[in-house]
Amino acid sequence: MALCIEKHDLRQKIREKKIGNLIIFVLDHSGSMAREVEATKAAILSLLLDAYQRRDHIGLVYFGGIGAGLVLAPTKSVDLAQKKLPDLYLGGRSPLTHGLEIALRVIKEQTHRKQELVPLLVLISDGKGNVSRYGGKPEDEVMVVAKEIREAKICSICIDTVRKGVLGPMMGIAKAMDALYLHPEDLKADAITSVVKNQLRYKR
């Protein structure tokens, strides 16, 4: 008796690999941003509460005064975030270009080391960068970095903090980044958390 094996009889074991998200917040901390700063801090802590199970890493770049910095390196630790985030302060000018550059560098470094991470950049600002990084016009320098983010194929969200109905530069920045543009009436922690979760991607 001949044994007949057809295509649908064949099976192959496929190893599944969970992939998490790398969420980098880029937050303006000029003097008018008190409400947004508190909302962002609360949103980060909320997202970190279940980041371990989702294999997500969350970081925060803070820009203001004459410079910017990585306040919270990408982490899954709620305890570490609670230690770092209360130190945030308000005031100064808005070196937006520098903040975006740091975020882009961190994302490239992290995804190079951990290729299973899917990056998401969340910019929360009025988009009014007023500090030159290289001696040119601040608004032109911001657009250069925004286009670099788009070319790096980084999924992005731009949350505009200017008063509803006022047209500011954030819409143009979002377009240059190919980002989701949002202009909420009332920016709260749960709104930021919901928007971010809707943009997260999980692959196997």
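In this predicted model, the buried residues of helix α5 are Pro138, Glu141, Val142, Val145, Ala146 and Ile149. These residues cover an arc of only 140 degrees around the axis, which puts them on the same side of α5. That buried set packs against α4 (96-113), β4 (118-125), β5 and α6. The length of α5 can be checked as well: at 1.5 Å a residue, its 14 residues should span 20 Å, and the end C-alpha atoms are 20 Å apart, which agrees.

One of the buried residues of α5 is proline 138. Its relative accessible area is 16%, and a residue counts as buried under 20%, so proline 138 is classed as buried. Leaving aside neighbours within four places in sequence, proline 138 is in contact with Thr97, Gly129, Asn130, Val131 and Ser132.

Just after α5, the chain reaches lysine 153, which takes a positive phi of about 60 degrees. Lysine 153 is a residue other than glycine with such a positive value, and it is found in the loop between α5 (138-151) and β5 (155-160). Is lysine 153 buried or exposed? Its relative accessible area is 73%, and the class of exposed residues begins over 50%, so lysine 153 is exposed.

Aspartate 178 lies between α6 (170-177) and β6 (180-182). With a relative accessible area of 59%, aspartate 178 is exposed.

The strands come next. Strands of a sheet pair through backbone hydrogen bonds, either parallel or antiparallel. Here an open sheet of 6 strands has the order β3-β2-β1-β4-β5-β6, and its pairing is mixed. The edges are taken by β3 (67-75) and β6, each with a single partner strand, so one side of each is left without a neighbour in the sheet. On average, neighbouring strands of this sheet are turned by 15 degrees against each other, direction ignored.

Both kinds of pairing can be followed from β2. With β1, strand β2 pairs in the parallel sense over 7 bridges, and leucine 22 stands opposite histidine 57 in β2. With β3, strand β2 (residues 57-64) pairs in the antiparallel sense over 6 bridges. Valine 61 has leucine 70 of β3 as its bridge partner, while the partner of glycine 64 in β3 is glycine 67. The strands β2 and β3 form a hairpin with 2 residues between them. In the turn, glycine 65 has a positive phi of about 70 degrees.

How many residues of β2 are buried? The count is 8 of its 8 residues, so the strand is mostly covered. This burial applies to both faces of β2: His57, Gly59, Val61 and Phe63 are buried on one side, and Ile58, Leu60, Tyr62 and Gly64 on the other.

Helices lie across the sheet. Helix α1 (residues 34-49) lies across β1 (21-28), β2, β3 and β4, and runs at about 165 degrees to β1. Helix α6 lies across β4, β5 and β6, running at about 175 degrees to β5.

Leaving aside neighbours within four places in sequence, serine 125 is in contact with Asp28, Met33, Phe63, Ile159, Asp160, Thr161 and Met170. Among these contacts, Phe63 belongs to the buried residues of β2.

Note on methods
Residues are numbered from 1 along each chain as its sequence is written. This is a predicted model: local features need pLDDT of at least 70, side-chain atom pairs count only at pLDDT 80 or more; totals for chains, interfaces and linings use all residues. Side-chain values use heavy atoms; hydrogens and water are left out. Helices (H or I, at least four residues) and strands (E, at least two) are DSSP runs, numbered from the N terminus. Buried means under 20% relative accessible area, exposed over 50%, partly exposed in between (1.4 Å probe, protein chains only). The expected span of a helix is 1.5 Å times one less than its number of residues. The arc is that of the directions from the helix axis to the C-beta atoms. Contact means heavy atoms within 4.5 Å. Two strands pair if DSSP finds at least two bridges between them. Axes are lines fitted to C-alpha atoms, for helices over the stretch in contact, and angles run from 0 to 180 degrees between N-to-C directions.
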